[in-house]
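Subject: Structure handover

Dear colleague,

Please find the structure below, with the sequence alongside. My notes on what was found in it follow.

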Amino acid sequence: MAETVRLDKTSHQLRLLADALDSGRLGPIRRLVNTLSPAEIGNLLESLPLDERVVVWGLVDPEDDGEVLLHVGDDVRESLLADMDADEILAAVEDLDIDDLADLVGDLPGTVLDEVLKSMDREHRERLEQALSYPEGTAGRLMNPDVVTVRADATVDVVLRFLRLRGELPEHTDYLYVVSRRHQYRGRLGLATLLTHDPATPINRLLDSEQPAFDVEDSNDEVARQFSDHDWLSAPVVDNNHTLLGRITIDDVVDIIRERAEHQALSAAGLAEDEDMFSPARRAFRRRLVWLGVNLCTAFLAAGVIGQFESSIDKIVALAILMPIVAGMGGNAGTQVLALMIRALALDQIGASNIGALLRKELRVALINGVCLGIGLGLIVLAWFHDPLLSAVIGTALTINLLTAAAGGVMVPVTLKRMGFDPALAGGVVLTTITDVMGFLSFLGLATLVLLR
């Protein structure tokens, strides 16, 4: 529901923007753009052709430039940065949090990055260098080192006075983190707990030690899974010595979940999740050619199977009419199972202990569907071609291919993942090839054996 509202809002904004652009007046465009949040501006920019994007980007409030750059894909970010000079880029990123700045560093021109580092004080520069020392896709790269820590031997009154002297808290602060003298994480202290207890109460009596901390090398997928399972707003990050390094907040986790969903949806079609839909044709051509080339090569496998039964098709023209049905139904059934498997793998719900049970379940479903649909298809073919044997052949072939699709839908993504390939990217091509080949082989093979014996 929320996604539908967001899409409707974007469509409305695009209509208003198109009218303003047609009028040639920049004032209405500026007012429209600057009523939006940075995330909404980013979504709007991704929806615009390159020439209109340049116009709108130039009207964005410079104070929002850095946040907007964080909310667009890599390709769009590259095009926006190309239209900015060094001073503009430096002004845009100077107020960003360390974790957000670490996300942008790889896209910044080398000279600009040098200026960014020079403009930072020693503490912030060391924090940025520390964040960049962790691999992308890990908790260390995702965390924000700006945390508020307190000691267990303090009292509520001491902590409250400390907070008043500090003046402000980092965004999304729902807990303070309790550390030892060596800055090792011991637990957390909720702000609500702090405000509702007697000022003389020791912190060690209010300490919540149940929330585990993320290891700095934990993957983003693990972080997202834990936040989703426990409904956290923030969580601490520690190193091997359990030293508190920073925290991860829910806003960053939402971005991870969204990126993962986009990756699964677009990878299934061979597209990059960060691809600019208005990128130059030459770039889009290069990216998609490889994928289409793989599909072309696998299509020859299915064509080769058909070629082995050329004489059968010549003798029974109905085979040429009906054979796409079996292959197509297998492909659709396999895609359904593949989608469920990719989701389950992403959520880490598949393992050696349950893969056998899942395979048996999907085979039972495929058998039931195969029998029901096979009988229905057989009756249609019987009424069409008045050939009982042909009806029996296509019904049987359909059942065989649905069973193949179920087995392939379960095993192909699991096998690809164990081999180090992305199931979302390669699973569709492999599975479609299997169901096409088996569909043609089972139908044409049975037809040759039964009808032309």
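Strands β5 and β6 are paired antiparallel, with 5 bridges between them. Please keep in mind throughout that this is a predicted model. One of the pairs here is Val-237 with Gly-246, the latter in β6. The two strands form a hairpin with 5 residues between them, and in that hairpin His-242 has a positive phi near 65°.

The sheet as a whole is open and has 3 strands, in the order β4-β5-β6, with mixed pairing. Its edge strands are β4 (214–215) and β6 (244–249), each of which pairs on one side only. On the β4 side, β5 (residues 234–238) runs parallel to β4, and 2 bridges join them. Phe-214 is placed opposite Val-237 of β5.

As for burial, β6 is mostly covered, since 6 of its 6 residues are buried.

**The sheet of β1, β2 and β3**

There is also an open sheet of 3 strands in the order β1-β2-β3, again with mixed pairing. The edges are taken by β1 (149–151) and β3 (185–190); each has a single partner strand, so one side of each has no neighbour in the sheet. From one strand to the next the twist averages 40°.

β1 and β2 (residues 175–179) run parallel and are joined by 3 bridges. Val-150 has Val-178 as its bridge partner in β2.

**Helix packing**

- α18 (residues 317–346) packs against α20 (residues 388–418) at an angle of about 30°, and their axes are 8 Å apart. Because angles under 35 degrees count as roughly parallel, α18 is roughly parallel to α20. The crossing of these two helices is right-handed. Sorted by class, the residues in the contact of α18 with α20 are 21 nonpolar, 4 polar and 1 charged.
- α7 (residues 86–93) packs against α9 (residues 110–119) at about 45°, with the axes 10 Å apart. These two helices are therefore oblique to each other. The crossing of α7 with α9 is right-handed.

**Salt bridges**

How many salt bridges are there in the model? The count comes to 10. Three of them are described here, with the exposure of their residues.

Glu-123 and Arg-127 form a salt bridge through their side chains, at 3.3 Å from N to O. Both residues belong to helix α10 (residues 122–132), where they are 4 residues apart, about one turn of the helix. Glu-123 counts as partly exposed because its relative accessibility is 45%. Arg-127 is also partly exposed, its relative accessible area being 22%.

Glu-136 is joined to Arg-141 by a salt bridge in which the closest N and O atoms are 3.9 Å apart. Are the two ends buried or exposed? Glu-136 has a relative accessible area of 66% and is exposed, whereas Arg-141, at 14% relative accessibility, counts as buried. The cut-offs behind this are under 20% for buried and over 50% for exposed.

Asp-153 makes a salt bridge with Arg-151, with 3.6 Å between the closest N and O atoms. Asp-153 is exposed, at a relative accessible area of 53%, and Arg-151 counts as partly exposed, at 29% relative accessibility. Through shared partners, salt bridges join Arg-151, Asp-153 and Arg-181 into one network.

Regards

Note on methods. Residues numbered from 1 in each chain as written. Predicted model: local features only at pLDDT ≥ 70, side-chain atom pairs only at ≥ 80, totals over all residues. Heavy atoms only, no water. Axes fitted to C-alpha atoms, helices over the stretch in contact; angles between N-to-C directions. Parallel < 35°, antiparallel > 145°, perpendicular 65-115°, else oblique. Left-handed = near helix turned anticlockwise from the far one by under 90°. Nonpolar A, V, L, I, M, F, W, Y, C, P; charged D, E, K, R; others polar. Pairing = 2+ DSSP bridges. Salt bridge = Lys/Arg side-chain N within 4 Å of Asp/Glu carboxyl O. Buried < 20%, exposed > 50% of the residue type's maximum accessible area, 1.4 Å probe, protein only.
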